[in-house]
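Visitor: Could you take me through one part of this structure up close? I'd like to see how the two chains meet, and then zoom in on a single spot.

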Amino acid sequence: MPEPVTPLDLAANPTGEAITLDARGLSYRALNEQLDAAVTAGATAARLVNVYGQRYIGTNLQRRVRIDIEGVPGNDLGAFMDGPEIHVHGDAQDGCGNTMNSGLLAIHGSAGDILGHSMRGGAVFVRDDVGYRVAIHMKAYEDVRPTVVIGGTAQHFLGEYMAGGVLLVLGRRLPPGAVHPARYVGTGMHGGVIYLRGRPNQAFLGKEVGLAPITDADRALLGDLLGQYNALFGLHVSADDEYTKLIPQSKRPYGQIYAY
Amino acid sequence: MAWAESENRYRDERVHDACGLFGFIDTAGHAHPGSIAVEALCSMRERGNGLGAGYAAYGIYPEQADHYCFHIMCQGRHARQELDEYLRRHFAVVHDEPIPTRETRGILDPPLLWRYFVVPLTAQMGGRSEADYVVHHVMRINTTLEGAFVVSSGKDMGIFKGVGHPDQIAEFYRIEEYEGYLWSAHNRFPTNTPGWWGGAHPFGLLDWSVVHNGEISSYGINRRYAEMHGYACTMRTDTEVFTYAVDLLMRRHELPAELAAAVFASPLWNELEHLPPKRKALLTALRQTYGSLLMNGPFTIIVARQGGMMGLGDRIRLRPLVAACQGSVLYVSSELASIHLVAPELEHSWMPEGGEPVIGRLGQAPRVPARILQEEPLHA
């Protein structure tokens, strides 16, 4: 089971200082440099306001620091991120958590395509919907397992080429037991696990995944992830609804193509 | 084209990334300054690399709205002289003038830029429609007059483009001085073709403009099909063939935008199998008829003409496209932040599926997909 990511308790860091940065008109480079300088000087929390499309926020901060973003952050939010906790109070764009290593990304809205691309650790929670190819090639190593939880629905090619980690899609606006709109879920998947609250579209399911029974261990994991999701966003999605578990049918689906 | 080759001093044919697109239409017809498109596009600076940017604007020449406006680029005075004589042989020139520009830091060796307001000479039309006559002469100019070509050729619209970053091209062409009800804009990161003035986007023919992010891997077959129907591909880029395909389908064959979208980004065969019978029959027939205009490979485009705009992504969405609306204005862009920047009171924003067109028409309030409007949470 992945280690639960507990939100930072700012009260426990009374020595740190919270700062506010106005990002209007700043290039992504200038914004990230100012943020880095503030954190190096001892800030444990930063509020970024008027963010419009600046990329790579959180990439260069290798420590536990809380960042609250107002506006729309640019692509590759938290790419290669190692430690910080980022809350986006609105929507985010493409590539959130790209190759992320550790920390927490919480999107209080919707996010775009390829969220969690090649993610290696840490957790991403999205309150609402996401775009195409979420968790593409997410991976795990021994007990380091990344987690992605989507509260709404995903568009197509969810979990494409997924190699490890846990991906949970709640479809909280769908009635219990409904079929998810995402097509080609798990195409090329060869590791990790995908849970859907409700059912996948069987006519367009990825060829490399199969359904597996939900075990007690799965229920425990779902309960834990829903507890975190509900606490983050103040919602009440139930772990007792119908869930579907998808796992790869082969660890090497393309072994016959590339190996002799 | 020799001009395209001589201008590729950057040796950039294999530099790879994505372009940035932005467009909006005020469906109530209110005019908006070009500075909106400029601000939105400049927020996506990283999507381009300074080798091309451009703007298309509609409703900008109301006093000359009955005349075709040719925006012209010429490589030197000799080319312009030849072009001037050519146009006066085949059109009545109502008015002509240089396109106003200002000296801009970083804009190197701009071509001579001129605009002509013209009327086709009826005596020479020989039974062709006005539009076909204009297309014929645009093709003739672009293929036979060395060092000259037509950037746009519609009524009450124009395209302004060149080699530079979006802010530089905007400053150079004084974009903020124009007001239009429809704008599309492009920030270029050339992939397989050179960065040169004519190769910047938007591409235009008649009042069509097309901006494009991605690459059309079916270019060969699309180009041959366009050439069979009288279009000459001279600008060394896949976006040009998209423009001609749009003209063929939507003007000459009179397909509505929804069906043209189904030709360019047809559902996969296995998805066609699952459609209701009538829809399946329609889309199968379109695919059988226009298979050669299926645009394969990653792309997002914004197509515009007088009265309408369409954003469209490839069928498995290998390039981004977001849509949003505020009041009577419909926006499409590569990135959501660019829309929020210029429209802080957005009512709805959404990510269209691959192959799902986003269409705005003058006189019709923006349409939001039903799935976005049904966002009342059932389990909150």
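Predicted model: local features only at pLDDT ≥ 70, side-chain atom pairs only at ≥ 80, totals over all residues.

Guide: If you go by residues, 34 from chain A are in contact with 28 from chain B. There are also 13 residue pairs in polar contact between the two chains, counting pairs with both residues at pLDDT 80 or more. On chain A's side, the residues that touch chain B split into 15 nonpolar, eight polar and 11 charged. Charges do pair up here: the rule finds three salt bridges across the interface of chain A and chain B. One to look for joins the side chains of B:Glu335 and A:Arg55, with 3.2 Å from N to O.

Now zoom in on B:Arg315. You'll find B:Arg315 in the loop of chain B that runs between β14 (308-313) and β15 (322-326). Leaving out residues up to four places away in sequence, B:Arg315 touches A:Tyr132 from the other chain, and its touching residues in chain B include B:Ala265, B:Pro267, B:Leu268, B:Arg287 and B:Asn296. B:Ser266 is on that list too, and its backbone oxygen lies 3.0 Å from a polar atom of the B:Arg315 side chain. Here's the curious bit: B:Arg315 is buried, yet it has no salt bridge. The nearest side chain of opposite charge belongs to B:Asp314, and that one is 6.7 Å away, while a salt bridge has to be within 4 Å.

Note on methods: Residues numbered from 1 in each chain as written. Chains lettered and ligands numbered in written order. Heavy atoms only, no water. Helix = DSSP H or I, 4+ residues; strand = E, 2+ residues; numbered from the N terminus. Buried < 20%, exposed > 50% of the residue type's maximum accessible area, 1.4 Å probe, protein only. Lys, Arg positive; Asp, Glu negative; His and termini not counted. Polar contact = N/O pair within 3.5 Å; in protein donor to acceptor, adjacent residues only side chain to side chain. Contact = heavy atoms within 4.5 Å. Nonpolar A, V, L, I, M, F, W, Y, C, P; charged D, E, K, R; others polar.
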